[in-house]
Amino acid sequence: MIFQYGLKEIEYLKNQDQQLGKVIDQIGWIEREVDDDIFSTLVRQIIAQQISTKAQATIWQKLQDACQTIDAKTISACTVDDLRSFGISQRKADSILEFAQKVNDQQFDLEALWDMDDEQVILQLTSLKGVGVWTAQMILIFCMQRKNVLSNQDYGIRKGLCMIYHHQKIDRQLFEKYKRLFSPYCSIASFYLWAIANGQISDMNDDFFKK
């Protein structure tokens, strides 16, 4: 499944900002995969925290091979030692199992999230152990396909902004300026900021960015 957006969103962003518009023209259309299963996506996001993309993919594949279907029932059947044997840390394993148990016991209603606005979803998800604002924002984008999410906690977002607009760093005030500029299509702008940060335009460097 691919994140759904169209020319309306692209043209809006190009009209809002000439520099971002040039980036969009150079890179072209960006397709980002999404998964509308909130449970499995959240488990995957917890696993992905602070590890490389390659490591995350390896761990996820081991978990899928073992469980076949990633849902609250199959995860609850695992022990902490089972999860750790796949390469998941103790802290993450505890968080994943507690989440699965809450879903099984109907203490956490995943379906109710779909009817909430972005801030309510973030509030609900961050009430779970091991889930921070960044993880909740990634769920909003890559699971729920919400179009107006820009993460101040995301390294790639801040790096991309610095590379396009020649800032050394992005403070809260500057971040809010760009959030207003890209709204209501911040998620689509994020795709291009991530692409820039990943070096998709070869002659755009990160000399200005202070890590």
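The buried residues of helix H3 (38-48) are Ile 38, Phe 39, Ser 40, Thr 41, Leu 42, Val 43, Gln 45, Ile 46, Ile 47 and Ala 48, where buried denotes under 20% relative accessible area, exposed over 50% and partly exposed the range in between (1.4 Å probe, protein chains only). Helices are DSSP runs (H or I, at least four residues), and strands are runs of E of at least two residues, numbered from the N terminus. The model is predicted, and local features need pLDDT of at least 70, side-chain atom pairs count only at pLDDT 80 or more, and totals for chains, interfaces and linings use all residues. Residues are numbered from 1 along each chain as its sequence is written, and side-chain values use heavy atoms, with hydrogens and water left out.

Because 10 of its 11 residues are buried, H3 is largely enclosed by the rest of the structure. The cover over these buried residues includes helix H4 (53-67), helix H5 (72-76), helix H7 (90-104), helix H8 (118-125) and helix H9 (133-142); contact here means heavy atoms within 4.5 Å. At the start of H3, the backbone nitrogen of Phe 39 is approached to within 3.1 Å by a side-chain oxygen of Asp 37. Such a polar contact is a pair of N or O atoms within 3.5 Å; within protein, one must be able to donate a hydrogen and the other to accept it, and residues adjacent in sequence count only if both atoms are side-chain atoms. Just after H3, Gln 50 adopts a positive phi of about 60°.

Phe 39 also belongs to the largest nonpolar core, which has 74 residues; Phe 39, Leu 63, Leu 125, Phe 182 and Tyr 192 have the most contacts inside it. A nonpolar core is a set of buried Ala, Val, Leu, Ile, Met, Phe, Trp, Tyr and Cys residues joined through side-chain atoms within 4.5 Å. With nine residues, H12 gives the most to this core. Leaving aside neighbours within four places in sequence, Tyr 192 is in contact with Tyr 5, Ile 10, Leu 20, Val 23, Ile 24, Ile 27, Gly 28, Trp 29 and Ile 30. Ser 190 is likewise found in helix H12 and counts as buried, at 1% relative accessibility. Beyond residues up to four places away in sequence, Ser 190 touches Val 149, Leu 150 and Ile 157.

Tyr 5 is located in the segment before helix H1 (7-16) and, at 12% relative accessibility, counts as buried. Its contacts, apart from neighbours within four places in sequence, are Ile 10, Trp 29, Ile 30, Lys 147, Ile 188, Phe 191 and Tyr 192. The side chain of Tyr 5 also reaches the backbone oxygen of Ile 30 at 2.5 Å. A separation of 33 Å divides the C-alpha atoms of Tyr 5 and Asp 65, which are 60 residues apart along the chain.

The largest pocket holds about 1,200 Å³ of space. Its lining comprises 37 residues, and Gln 45, Ala 48, Gln 56, Trp 134 and Phe 142 are the closest to its centre. Two or more lining residues come from each of H3, H4, H9, helix H10 (155-165) and helix H12 (186-197). By class, this lining has 13 nonpolar, 16 polar and eight charged residues. Pockets were defined on a 1 Å grid over the protein atoms alone, as open sets of points where a 1.4 Å probe fits, with protein on both sides within 12 Å along at least five of seven lines; lining residues have an atom within 4 Å of a point. Grid points are joined across faces, edges and corners, and a volume is the space filled by probe spheres set on the points.

About 240 Å³ of space lies in the second largest pocket. Of its 15 lining residues, Glu 119, Val 133, Gln 137, Leu 150 and Lys 179 lie nearest its centre. H8, H9 and helix H11 (172-182) each supply at least two residues of this lining, and H11 gives the most, with four. The lining has six nonpolar, four polar and five charged residues; Ala, Val, Leu, Ile, Met, Phe, Trp, Tyr, Cys and Pro count as nonpolar, Asp, Glu, Lys and Arg as charged, and the others, Gly among them, as polar.

Backbone geometry in the loops was also examined. A cis peptide bond joins Ser 183 and Pro 184, with omega about 10°, and Pro 184 lies in the loop between H11 and H12. Gln 68, in the loop between H4 and H5, has a positive phi of about 65° although it is not a glycine, and counts as exposed at 62% relative accessibility. His 166, in the loop between H10 and H11, has a positive phi of about 60° and is not a glycine either; with a relative accessible area of 48%, His 166 is partly exposed.
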